[in-house]
Amino acid sequence: MSFSKTQNRWDGFLKKIEERFQEVLEKTEAALPLLFEATDFETTTFSNAWQGIYSQASDLIYKINDTWDEKVEEAFENAGIDFGSDQFNQERDKGYRIQFELEQKLKSYEVKIFANAAKKLVQQVQDILSNDFCCSQCQAKLPVKSNFFRSYYSTCEYCQTVNTFEPGTKARNIEHFAIHALGEEAALQYYLSYEELKFQNYLKDKDIHKKEELDAQYQKYVETYLKKRIEIIPDYKDRYEKDLKAKTAFLTNY
Amino acid sequence: MEDNNHQKKKKEKNILDDILANAVSSTKKHEETSAGLETKKCKSCGAARPDDTDLRYCDFCGDQFY
């Protein structure tokens, strides 16, 4: 097969992968929120469903590299293109680029879909916590914290009885599910930039972006992520430095 | 050709449906707790725990709370 025919087939294959990928995620974007509402904001089912879809989308992405290794590389060589030549590298990098772009898109989709679900959950919980809660002894109204999602003692100011407030499963899921999703959404741009810099280094096979530049970008991602969490649960402020150190440990330790 | 496309679309739809159905059927369901207030009461005299007391002894009858 001639070079141009091989190139056309390679381009066509890449286009099809992109289209199929887009299609899967568009359908997901429509279906997952419905599932979340139908299960009454049940976060485990939602996460399991996403895991299945993520796996399908990842398979599509990695098909690019697998197909290059199994068929396309050889086809270009048979078409007279030398291994390692500029033309050869250009075609190979085309695959790398699309693979990377789809990975970035998948990450963005994941963050967006989870953040949208998290916002719905937060709204639900705000509605629940804005209800009246009364002392179990004297029925006087007891104030409830709107930004604390664990159980806590609350003393009735009328009869001095200690009540235990249980915020409920949905509110507890703010801490287990929503704050991570909303933190990731706030910090997404820095995460994508960090990955972009890493990819450019990989593509050129040298450090065109120095480690300090990469680390700074990652640091911004972590800081924005943690600050968003504090915005939702102010108590996290006390452990900010500890969290920051833990989440950036691999930058300094390795 | 059109038939093939139709078959393929049907299969693709089924994959997504299967993933969602599988997630719904295979996820272990836990009982959901509602938001609310409760008070620990002494098993002996039924008194509730007043402020500034601990959970070891009842402030009214002196019995152990637990």
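1. The largest nonpolar core has 42 residues, and the members touching the most others are A49(A), A117(A), A118(A), L121(A) and A178(A). Core here means buried Ala, Val, Leu, Ile, Met, Phe, Trp, Tyr and Cys residues joined through C-beta atoms within 7 Å. Buried means 20 or more other C-beta atoms within 10 Å of a residue's own, exposed means 12 or fewer, and partly exposed is in between, with C-beta atoms placed from the backbone. Bear in mind that this is a predicted model: local features need pLDDT of at least 70, side-chain atom pairs count only at pLDDT 80 or more, and totals for chains, interfaces and linings use all residues. On labels, residues are numbered from 1 along each chain as its sequence is written, while chains are lettered from A and ligands numbered from 1 in the order in which they are written.

2. Helices (H or I, at least four residues) and strands (E, at least two) are DSSP runs numbered from the N terminus. There is also a second, separate core of 7 residues, including L14(A) and W68(A).

3. Back to L121(A): beyond its neighbours within four places in sequence, L121(A) is in contact (C-beta atoms, placed from the backbone, within 7 Å) with F41(A), K170(A), N173(A), I174(A), F177(A) and A178(A).

4. Helix 1 and helix 3 of chain A have axes that come within 11 Å and cross at roughly 5°. Axes are lines fitted to C-alpha atoms, for helices over the stretch in contact, with angles from 0 to 180 degrees between N-to-C directions. These two helices are therefore roughly parallel to each other, a label for angles under 35 degrees. Among the residues making the contact are W10(A) and F21(A) of helix 1 and I98(A) and Y109(A) of helix 3.

5. Now the chain interface: 31 residues of chain A are in contact with 20 of chain B. Helix 2 of chain A gives the most to chain A's side, with 7 residues.

6. Strand 4 of chain A pairs (at least two DSSP bridges) with strand 1 (residues 36-38) of chain B, antiparallel, over 3 bridges. E166(A) has G36(B) as its bridge partner, and F165(A) stands opposite L37(B). Strand 4 of chain A is also joined to strand 3 (residues 152-155) of chain A, antiparallel, by 4 bridges.

Note on methods
Contact = placed C-beta atoms within 7 Å. Parallel < 35°, antiparallel > 145°, perpendicular 65-115°, else oblique.
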